[in-house]
Amino acid sequence: MPRRPVNVHSAYHAHVYFDAATVAQARALCEEAGRLFHVAVGRVHEKLVGPHPRWSCQLAFSAAEFDRIVPWLDEHRGGLDVFVHGLSGDALKDHTDFAYWLGQDWPLDLRQFQRG
């Protein structure tokens, strides 16, 4: 059973995942989230960025917006997968222990966060 996002951090990122067939849908979803919730909307990356295994667009928001934006994303994602994670200052934990999925989960490339 997938874990549901929990509002326990002061700040969050949500990464909307998409591909060539769904880029317009993802762009519209992110732009609408930005308009409705006044959250920071990142670039629509039509390439792999960071640990993400799919093209993505980042939404950045605080705990104050969490309880409105996360359910809205879940309801309006239209089959897109959304990776939600807290911002604790520990990037590895943020992308593992403090990570949640709306839709399908995808394996992340965590090598950049590994401590050597």
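1. Two strands pair if DSSP finds at least two bridges between them. Strands (E, at least two residues) and helices (H or I, at least four) are DSSP runs, numbered from the N terminus. In this structure, five strands form an open sheet in the order β2-β3-β1-β4-β5, with antiparallel pairing. β2 (40–45) and β5 (99–102) stand at the edges. Each has a single partner strand, so one side of each is left without a neighbour in the sheet. From one strand to the next, the twist averages 20°.

2. A word on the source: this is a predicted model, where local features need pLDDT of at least 70, side-chain atom pairs count only at pLDDT 80 or more, and totals for chains, interfaces and linings use all residues. Residues are numbered from 1 along each chain as its sequence is written, and side-chain values use heavy atoms, with hydrogens and water left out.

3. Look at β2 and β3 next. Four bridges join these antiparallel strands. Val41 stands opposite Leu59 in β3.

4. Now the helices. Helix α1 (residues 23–37) lies across β1 (11–18), β2 and β3, at about 155° to β1. Helix α2 (residues 63–76) packs on the sheet and touches β1, β3, β4 (82–86) and β5. The direction of α2 makes about 145° with that of β3. Contact means heavy atoms within 4.5 Å. Angles run from 0 to 180 degrees between N-to-C directions, and axes are lines fitted to C-alpha atoms, for helices over the stretch in contact.

5. Which residues touch the most other members of the largest nonpolar core? They are Val16, Leu59, Phe61, Ile69, Leu73 and Val84, out of 24 residues. A nonpolar core is a set of buried Ala, Val, Leu, Ile, Met, Phe, Trp, Tyr and Cys residues joined through side-chain atoms within 4.5 Å. α1 gives the most to this core, with six residues.

6. Is Ser56 buried or exposed? Ser56 lies in strand β3 (residues 55–62). With a relative accessible area of 3%, Ser56 is buried. Buried means under 20%, exposed over 50%, and partly exposed in between (1.4 Å probe, protein chains only).

7. The count of salt bridges is five. Each is a side-chain nitrogen of Lys or Arg within 4 Å of a carboxyl oxygen of Asp or Glu. Glu46 and Arg27 form one of them (3.4 Å, N to O). Glu46 lies in the loop between β2 and β3 and Arg27 in helix α1, so the pair ties together parts 19 residues apart in sequence. Glu32 and Arg35 also meet in a salt bridge (2.6 Å, N to O). Both lie in helix α1, three residues apart.
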